[in-house]
Amino acid sequence: MEDVAKFLFGISGNVIALFLFLSPVPTFWRIIRNKSTEEFSGVPYNMTLLNCLLSAWYGLPFVSPNNVLVSTINGVGAVIETVYVVIFLVFASNKKARLRTLGLASAVAAVFAVVALVSMLALHGPARKLLAGLAMTVFSICMYASPLSIMRMVIKTKSVEYMPFLLSLAVFLCGTSWFIYGLLGHDLFVTIPNGCGSVLGAAQLILYAIYRNNKGNAAGAGKLQGNDVEMSADGRNSKVADGDDRGAAGLTKAGKMASQV
C-alpha cells in the first residue's frame, strides 16, 4: 500500500512539475517573436538545467534505487531547459549576453560531468548515492530559496500582482507531492529540499491571502531591477495565458521551482 501511495504522489509530482517547466513558454515565444532576449537573464534557466541534470542523475537505478520517477520528470525538464538555453544563445541581445550564457552553460556541463564521473568511477553503493544526493539537495534548496525575493517584493509593494495564485498553488502542491514521496520512500535527499519548497509555497499562499485585495504600490514595483524584472514579468505573463495581450515576460520562477524534485 505504501508503494502504491508513493507511486501516486510521484505521478502527481511529475504532472505538476511538467506544468511548471512549461510555464515560461510565453516568455520564449516573445523572445523568438522579437528575435531578442531583451533584458531577460539566462542565469535562472542555466541553474535550473543543472538542478534537473543532478536530480535526473540521482534518480537513476544504479545511483538511487526505486526513484525512477525523479529521473523521468527531471530528464524531461533537462531537455526543456536545454531548449530554453539554446534559445537564449541564438537570440542573445548582444555579444556579451551570448558569451555570458555560453559560459554559464559550460559551467553547468562541467559541474554535472564532475559529479557524474566521480560518483560513477570513484564511488560505489551508498557513497555514490550520498555524493549525488548531497549535490542535488544543495542546488534544490538554493532553487527553492529563489522566490524569497519575489515574496519580499510582495511585502514591500503590498501587492500580489506579480505572484499569481495558480502559480503559487502549483509550487506548493509540487513541493508537497515530492515531500510525501520522499517520506514514503524514506529518502532524506528528496524529503528535505521539497519540505523546504512546500513551506515556502505555503508562505506564498499566505501572502496572497493577506494582500489579494490590495492594489499595492505600483511605483515601488516599477523600481525593480535585475532578476526582479523577470519575476515581475511572472505575474503579467499569467494574464497573457488568460488571453490578456498587454505583453509580458515569462514565468521564470515557475520553471525553477519545478526542478526541485
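From the N terminus on, the elements of the protein run α-α-α-α-α-α-α-α-α-α-α-α, so that there are twelve helices and zero strands, where helices (H or I, at least four residues) and strands (E, at least two) are DSSP runs numbered from the N terminus. This is a predicted model, in which local features need pLDDT of at least 70 and side-chain atom pairs count only at pLDDT 80 or more, while totals for chains, interfaces and linings use all residues. Residues are numbered from 1 along each chain as its sequence is written, and side-chain values use heavy atoms, with hydrogens and water left out.

**Overall packing**

- Of the 261 residues in the protein, 50% are buried, where buried means under 20% relative accessible area, exposed over 50% and partly exposed in between, with a 1.4 Å probe and protein chains only.
- Among contacts in the protein with a separation of 6 or more, 79% join residues 24 or more positions apart, a contact being heavy atoms within 4.5 Å.

**Nonpolar cores**

- The largest nonpolar core holds 39 residues, of which Leu20, Phe28, Ile31, Tyr58 and Trp178 touch the most other members; such a core is a set of buried Ala, Val, Leu, Ile, Met, Phe, Trp, Tyr and Cys residues joined through side-chain atoms within 4.5 Å.
- Two or more residues of this core come from each of helix H1 (2–22), helix H2 (25–34), helix H3 (43–58), helix H4 (68–90), helix H5 (95–122), helix H6 (126–145), helix H8 (165–184) and helix H9 (188–211), and the largest share, nine residues, is that of H4.
- Leaving aside residues up to four places away in sequence, Phe28 touches Tyr45, Tyr84, Ile87 and Phe88.
- A second, separate core of nine residues includes Met153, Tyr162, Met163 and Leu207.

**The H4 and H5 pair**

- The axes of H4 and H5 come within 8 Å and cross at roughly 150 degrees, the axes being lines fitted to C-alpha atoms, for helices over the stretch in contact, with angles from 0 to 180 degrees between N-to-C directions.
- H4 and H5 are therefore roughly antiparallel to each other, a term that applies to angles over 145 degrees.
- On the H4 side the contact is made by Val85, Phe88, Leu89 and Val90, and on the H5 side by Arg98, Thr101, Leu102 and Ala105.
- By class, this contact of H4 with H5 has six nonpolar, one polar and one charged residues, with Ala, Val, Leu, Ile, Met, Phe, Trp, Tyr, Cys and Pro counted as nonpolar, Asp, Glu, Lys and Arg as charged, and the others, Gly among them, as polar.

**H7 and the loop that follows**

- In helix H7 (148–157), the buried residues are Ser149, Ile150, Met151, Met153, Val154 and Thr157.
- Just after H7, Lys158 takes a positive phi of about 55 degrees.
- Tyr162, in the loop between H7 and H8, counts as buried at 11% relative accessibility, and its C-alpha lies 9.5 Å from that of Met151, eleven residues away in sequence.

**Positive phi in two other loops**

- Asn66, in the loop between H3 and H4, has a positive phi of about 65 degrees although it is not a glycine, and this residue is exposed, with a relative accessible area of 65%.
- His186, in the loop between H8 and H9, is likewise not a glycine but has a positive phi of about 55 degrees, and His186 is exposed, with a relative accessible area of 65%.

Methods
Parallel < 35°, antiparallel > 145°, perpendicular 65-115°, else oblique.
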